[in-house]
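Hello,

Here is the structure I promised to pass on. Please open it before you read the rest of this email.

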Amino acid sequence: MRTAVFSTKPYDQESLLAANTQAGHELVFYSPRLTPESVKLAAGFPAICAFVSDQLDAPVLEYLAAEGTRLITLRCAGFNQVDLRAAARLGLTILRVPAYSPYAVAEHAVGMMLALNRKFHKAYNRVREGNFNLAGLLGFDMHGRTVGVIGTGKIGECAARILLGFGCRVLAHDVVENPACVAAGVQYASLPDVLAQADIITLHCPLLPSTYHLINEAAFAQMKRGVMLINTSRGALVDAAAAICALKSGHLGYLGLDVYEEEGDLFFEDFSQKVIHDDIFTRLLTFNNVLITGHQAFFTADALKQIALTTVANLTAFERGESLVNQVAADK
Ligand code: NAD
């Protein structure tokens with residue numbers, strides 16, 4: 001299919017071209033994000049391939065539908081950036097990559113826990129300067145600590161298994177219990193109980209109207225003093241302003257973020273020579289107990305390969321009129 005591929009970096013092009021050798025879809029790569037301004041590039045393409053920070057709201061979808069687009073295939077698992085009701089009304093099919101490497105994201109989340117706990121980021125710089133003083137690098141044993149996993153789907157289950165391997169007590173909350181987690185030794189509890197008992201909390205639920213600012217001022221107040229919070233899921237699960245208040249008071253002891261509510265204007269781009277105008281984001285950067293990565297949890301060679309293979313398979317299935325196993329329904 002003739003497909004306009006938005007938000008592409010050289011690594012996306014490489015993996016998609018490799019996956020497309022047999023299928024032979026006509027992939028046209030665009031580096032800009034899909035926005036109301038850049039959508040004109042998509043005119044006349046029957047298929048669009050989009051990423052997490054592409055804007056797929058009603059006006060953009062209306063333009064696409066009017067110009068002949070019938071398929072939008074996402075190179076990601078989350079689909080909170082798509083107005084699904086508008087897509088259904090306009091007859092647009094939305095496909096995604098529901099699973100590529102849950103290990104990549106879970107391993108990154110646990111990596112953030114270890115880095116914040118054992119302060120690898122500080123030790124790296126200190127040792128390079130010939131400073132072998134350990135003051136300020138004191139950590140704690142993960143073994144025996146309680147980790148709260150919120151959302152025990154594919155990624156949450158992987159994270160829970162890694163943490164059980166460390167000897168942590170894993171306490172989870174989900175709207176649906178995962179029997180594989182129970183069998184592995186995860187205990188389920190209500191959200192208030194998880195918030196109250198956990199030494200570390202890691203978020204692995206999707207962004208939905210019901211999970212928007214799930215971690216807000218009231219949630220921070222229920223947590224233990226000195227708790228660690230890790231968010232590799234979606235930025236808007238956490239009220240960043242409330243996180244700053246909790247960091248300032250010392251109630252939140254450590255914060256690891258791979259995602260940020262307003263990341264769309266920042267992440268995946270180089271701002272090293274520019275001014276960052278987001279004052280909440282820049283305030284977060286000033287805390288020495290905050291570690292931020294720019295939505296890179298998915299970014300392993302294994303994950304990129306699988307994302308590309310599934311994306312190409314999605315295009316082929318749609319073109320051939322086959323059953324669409326990766327379709328996102330409007331009622332999601
Ligand atoms: P999944 O669908 O397998 O699991 C999500 C789980 O969250 C499900 O078990 C679901 O029941 C649960 N859930 C839904 N509402 C909940 C609520 N209110 N409270 C608690 N749990 C709730 O999804 P997944 O593959 O594990 O991915 C999880 C999220 O990770 C995705 O939605 C996506 O936003 C994010 N993600 C981030 C990256 C990254 O690079 N940072 C990459 C991939 C996915």
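One definition to start with. Helices and strands here are DSSP runs, numbered from the N terminus: a helix is H or I over at least four residues, and a strand is E over at least two. With that in hand, look just past helix α10. There, G250 takes a positive phi of about 85°. Please remember that this is a predicted model.

Helix α10

Stay with α10, which spans residues 240-249. At its N-terminal end sits a cap, D239. A side-chain oxygen of D239 lies 3.1 Å from the backbone nitrogen of A241. Which residues of α10 are buried? They are A240, A242, A243, I244, A246 and L247. Here is a rule that helps when you read such a list. An α-helix has 3.6 residues a turn, so residues three or four places apart point the same way. The cover over the buried residues of α10 includes α9, β11, α11 and β12.

The cores

The largest nonpolar core has 35 residues. The members that touch the most other members are I150, I201, I215, F220, L229, L252 and L255. Several elements give it two or more residues: α8 (191-197), β9 (200-203), α9 (217-222), β10 (227-231), α10 (240-249), β11 (252-257) and α11 (279-285). Helix α10 gives the largest share, six residues. Now pick out L252. Beyond four places in sequence, L252 touches F220, V227, L229, A243, A246, L247 and N289.

Find strand β4, residues 71-74; L74 is in it. Is L74 buried or exposed? L74 is buried, with a relative accessible area of 0%. Leaving out neighbours within four places in sequence, L74 is in contact with A50, L56, F79, Q81, V82, I94, L95, R96, V97 and T311. V52 is 22 residues from L74 in sequence, and their C-alpha atoms are 7.8 Å apart.

Next, go to the loop between α3 (84-89) and β5 (93-95), where you will find L92. L92 is also buried, at 7% relative accessible area. L92 touches L61, A65, T69, R70, I72 and A87, again not counting residues up to four places away. Compare that with E263, 171 residues from L92 along the chain: here the C-alpha atoms are 26 Å apart.

T310

T310 lies in helix α12, residues 301-320. Why does T310 count as buried? The cut-off is under 20% relative accessible area. T310 is at 11%, so it counts as buried. Beyond four places in sequence, T310 touches R96, V97 and N326.

The ligand

Around the ligand there are 22 residues, and Y100, K154, I155, D174 and T232 come nearest. By class, this shell has nine nonpolar, nine polar and four charged residues. How close do polar atoms come? An N or O atom in the side chain of D174 is 2.6 Å from a ligand oxygen. For G153 the atom is a backbone N or O, 3.4 Å from an oxygen of the ligand. H295 brings a polar side-chain atom to 3.5 Å from a ligand oxygen. Taken alone, the ligand exposes 870 Å², and the protein buries 86% of that.

H295 is not a glycine, yet its phi is positive, about 55°. H295 lies in the loop between β12 (290-292) and α12. With a relative accessible area of 8%, H295 is buried.

F268 is the second case. Its phi is about 75°, again positive, and F268 is not a glycine either. F268 is in the loop between β11 and α11. At 21% relative accessible area, F268 is partly exposed.

Best wishes

Key:
Residues numbered from 1 in each chain as written. Predicted model: local features only at pLDDT ≥ 70, side-chain atom pairs only at ≥ 80, totals over all residues. Heavy atoms only, no water. Core = buried A, V, L, I, M, F, W, Y, C linked by side-chain atoms within 4.5 Å. Buried < 20%, exposed > 50% of the residue type's maximum accessible area, 1.4 Å probe, protein only. Contact = heavy atoms within 4.5 Å. Near = heavy atom within 4 Å. Polar contact = N/O pair within 3.5 Å; in protein donor to acceptor, adjacent residues only side chain to side chain. Areas by Shrake-Rupley, 256 points an atom, 1.4 Å probe, with all protein chains shown as cover. Nonpolar A, V, L, I, M, F, W, Y, C, P; charged D, E, K, R; others polar.
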